[in-house]
Amino acid sequence: MSSSCSGNCGSCSSAGSCSEKKEEANLLKGVREAILVLSGKGGVGKSTVAASVAVELAKSGKKVGLLDVDFHGPSQPTLFGIQYLRLEEGQKGFLPVEVAGVKLISVGLVLDDPDHAVIWRGPAKNGALKQLLEETEWGELDYLVLDFPPGTGDEALSGCQLLPMPKRALVVTTPQEVALADCRKCVDFCAKLEVPIIGIIENMSGFVCPDCGSRHELFGSGGGALLAKKANAPLLAQIPMDPAFLRRCDDGELPAGLENSPAVRAELDKVVNAITAAK
Ligand code: ADP
């Protein structure tokens, strides 16, 4: 992954002011706002929520991009069933894959083999992040949703610093204390980088038994509300566990999974409303 001019492209007027580079930087010009999807730890459903929010925003008529830079588990291609595609390049940069009305770019679509572990060090990851972000033909977007790796490490920090447009964040947690402890760091991270938090999303929030209809709090309850209080942000949604939704996601059919899970969709609608309300 590298196509940046080293300063010898022939179209530079002087060293350090490459016109190719300027054009690359311009590819982000049409992106109005970045929505960072953060979580303190893996497995809370951050990628699933990022994808679902992007799809539902697109359904509401917004122009949406989704950038998956979860280097150690780029799951967006799997959620949309396109893990065997590879990114193609257009005149100016990478061409996003259009899925369910969303322009998707994923680090998983540039790896030689989707099953290979990414063992790049920080600088290599930051370089790849910068390239995917700045050298993609995003076009006009109302929102670019970013699926970062869990935690508040290098990628989230570099990502924030590389995004020239206004940014807001969604913090995804599950209801139990061990997930919440890590999410408190996300809240602190956003405060330090002055990224406003739109709200907290509590995922896997209860399970409604398909047989008897009774609700079970598998991971406890109330955690999202506590975190929202700490973040001084609203608890936007409490998305239930839905085994049918999980199956569709595993089968690469997230958009169909959303269509068939009204309980999940109803909560996501609240998130979409919160994102678009400020516009
Ligand atoms: P993360 O990005 O936080 O590591 P993922 O989005 O990859 O987590 O989700 C982990 C697993 O949980 C996936 O198999 C996903 O399909 C499943 N999952 C996420 N949210 C839900 C939900 N609300 N109901 C059922 N399964 C879910």
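The model is a predicted one, in which local features need pLDDT of at least 70 and side-chain atom pairs count only at pLDDT 80 or more, while totals for chains, interfaces and linings use all residues. Residues are numbered from 1 along each chain as its sequence is written, and side-chain values use heavy atoms, with hydrogens and water left out.

A backbone N or O atom of Asp242 likewise lies 3.0 Å from a nitrogen atom of the ligand, and a polar backbone atom of Val44 is 3.0 Å from an oxygen atom of the ligand. Of the 560 Å² that the ligand exposes when taken alone, the protein buries 83% (accessible areas by the Shrake-Rupley method with a 1.4 Å probe; for residues, only the protein chains shown count as cover).

Strand E2 (residues 64-68) has five of its five residues buried, so it is largely enclosed by the rest of the structure; buried means under 20% relative accessible area, exposed over 50%, and partly exposed in between, with a 1.4 Å probe and protein chains only. Helices (H or I, at least four residues) and strands (E, at least two) are DSSP runs, numbered from the N terminus. Val64, Leu66 and Asp68 are buried on one side of E2, and Gly65 and Leu67 on the other. E2 pairs in the parallel sense with strand E6 (residues 102-106) over five bridges, where two strands pair if DSSP finds at least two bridges between them, and Lys103 in E6 is the bridge partner of Gly65. E2 also pairs in the parallel sense, over five bridges, with strand E7 (residues 141-147), in which Val145 stands opposite Leu66.

Asp142 is found in strand E7 and, at 16% relative accessibility, counts as buried. The side chain of Asp142 reaches the backbone nitrogen of Lys63 at 2.7 Å.

In helix H7 (residues 223-231), the residues Gly223, Gly224, Leu227, Ala228 and Ala231 are buried. Seen down the axis of H7, these buried residues fall within an arc of 135 degrees, so they line one face of the helix, the arc being that of the directions from the helix axis to the C-beta atoms. The face of H7 turned away from its buried side carries the exposed residues Leu226, Lys229 and Lys230.

Conventions:
A polar contact is a pair of N or O atoms within 3.5 Å; within protein, one must be able to donate a hydrogen and the other to accept it, and residues adjacent in sequence count only if both atoms are side-chain atoms.
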